[in-house]
Amino acid sequence: MSLPLVILGTGGSVHDVLDIVEAVNQRTPTWEVVGYLDDARPAGSRHLDLEVLGPLHVAERFYGHAFVNAIGSDSTFRRLPEILQSTGLAPDEFTTLIHPAASVSSRAQLGRGVTVNYGVSVGGGAKIGNNVILCPGCIVGHDATIEDYSILAPRTVISGHVHVGRGCYIGARAVIRQRIRIGAGSLVGMGAVVIRETDAGSIVVGNPARPLLRVNPLSLTSLSETGK
Ligand SMILES: CC(C)(COP(=O)(O)OP(=O)(O)OC[C@H]1O[C@@H](n2cnc3c(N)ncnc32)[C@H](O)[C@@H]1OP(=O)(O)O)[C@@H](O)C(=O)NCCC(=O)NCCS
C-alpha cells in the first residue's frame, strides 16, 4: 500500500520531487502524492495534475501523511526555518527522499526531510541535517557537515570536512575548499570558489570568493530584511 505524501510549495523544485517519487515508485511502489500546501495558489486549484489542498498553516489537518518541502531559493532561503516551523509539523513528519540514481555512502547520516536528487553523491562520514535540499548533481565530500535548512543548488561541490552552517544557500556550481566553514545563513553565489571561511549571514561571489558589496535590493529584499 502506498503512503500519502504532501508537497510543501508549488515552485520549480516540485518537478525534482515528483521525479524522485516516480523513480522510487518504479522500483517499489511507495508513495502516493496527494497534493500541495501552498500560500500562493488557491485551495482547490491544480498544478501539474495535482490539487492544491490549502495554505501551509493547515498542514496539521493531514495527520498521518508524510511531507516533503519544495520551498527554497536564493531569495527566500533565510526564511525557510520560519516557513517550515509555521506549519506546526514535527521533524519526523517530514520524509527523506532519495533518488535511486543518487549515491549515498552507508557511512553518511541523513536527517529528516532531506531531498537527495538525481546524480547527488554523499560521501562517507558526511552528516546532513534536517530539511536540507541536495539539488541534482551536487557532491558532498567525506566528513562534510550540512546543517539544517541548507540548500545546495545543482552541481555544487562541498569538499571533505567542510562545515555548511544552518540555513545556507550554496549557488549552482559553487566549489568549497576542504575544511572551510560557511557561516550560518550565508549565500554563496553561483560559480563561486570559496577558499576562506565566511561569516554568518554573508554573501560571497567569484573566484576566489569575496563579499558581494552591491546587493540587488529587489531580488534580495528578503535577505536584507532577515539579516544574519
Ligand atoms: C549572488 C546572487 C544572489 C546575487 O544576486 P543579485 O543581487 O540579484 O545580483 P545582481 O545580478 O544584481 O548583481 C549584483 C552584482 O553582483 C555580481 N554578481 C551577481 N552574481 C554573481 C555571481 N554568482 N558571481 C559573480 N558576480 C556576481 C553582478 O555582476 C553585479 O556586479 P556589478 O555590481 O559590478 O554589476 C546571485 O547572482 C546568485 O549567484 N544566486 C544563486 C543562483 C543559483 O545558484 N541558482 C540555482 C537555481 S537552481
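Author: Let me start with a pair of strands: β1 (residues 3–8) runs parallel to β2, and six bridges join the two. Please keep in mind that this is a predicted model.

Reader: What makes β1 and β2 count as a pair?
Author: Two strands pair if there are at least two bridges between them. One place to look is Val6, which stands opposite Gly35 in β2.

Reader: How do you know that β2 and β4 pair?
Author: By the same test: β2 (residues 31–37) and β4 (residues 50–54) are joined by two bridges, in the parallel sense. The cut-off is at least two, so two bridges are enough. Leu37 has Gly54 in β4 as its bridge partner.

Reader: Which sheet do these strands belong to, and what makes β3 and β5 its edge strands?
Author: The sheet is open and mixed, with five strands in the order β3-β4-β2-β1-β5. β3 (46–47) and β5 (66–69) each pair on one side only, and they are the edge strands.

Reader: Why is β2 called mostly covered?
Author: A residue is buried when its relative accessible area is under 20%. Five of the seven residues of β2 are buried, so the strand is mostly covered.

Reader: Why is Thr95 called buried?
Author: Its relative accessible area is 10%, and buried means under 20%, so Thr95 falls in that class. Thr95 lies in the loop between α2 (80–85) and β6. Leaving aside neighbours within four places in sequence, its contacts include Leu5, Trp31, Phe67 and Arg112.

Reader: And Ala101: what makes it partly exposed?
Author: Ala101 has a relative accessible area of 38%. Not counting residues up to four places away in sequence, Ala101 touches Tyr118 and Gly119. Ala101 and Gly119 are 18 residues apart in sequence, with their C-alpha atoms 5.8 Å apart in space.

Reader: Zooming out, how many helices and strands does the whole chain have, and why is it called as compact as a globular protein of its length?
Author: The protein chain has three helices and 24 strands. Its radius of gyration is 17 Å, close to the 17 Å that the globule rule gives for 228 residues, so it is as compact as a globular protein of that length. Along the principal axes, its C-alpha atoms fill a box of roughly 50 × 40 × 25 Å.

Reader: What share of the chain counts as buried?
Author: Of the 228 residues, 49% do. The chain exposes about 10900 Å², and carbon and sulfur atoms supply 51% of that.

Conventions: Residues numbered from 1 in each chain as written. Predicted model: local features only at pLDDT ≥ 70, side-chain atom pairs only at ≥ 80, totals over all residues. Heavy atoms only, no water. Helix = DSSP H or I, 4+ residues; strand = E, 2+ residues; numbered from the N terminus. Rg over C-alpha atoms; globule rule 2.2 N^0.38 Å. Buried < 20%, exposed > 50% of the residue type's maximum accessible area, 1.4 Å probe, protein only. Areas by Shrake-Rupley, 256 points an atom, 1.4 Å probe, with all protein chains shown as cover. Contact = heavy atoms within 4.5 Å.
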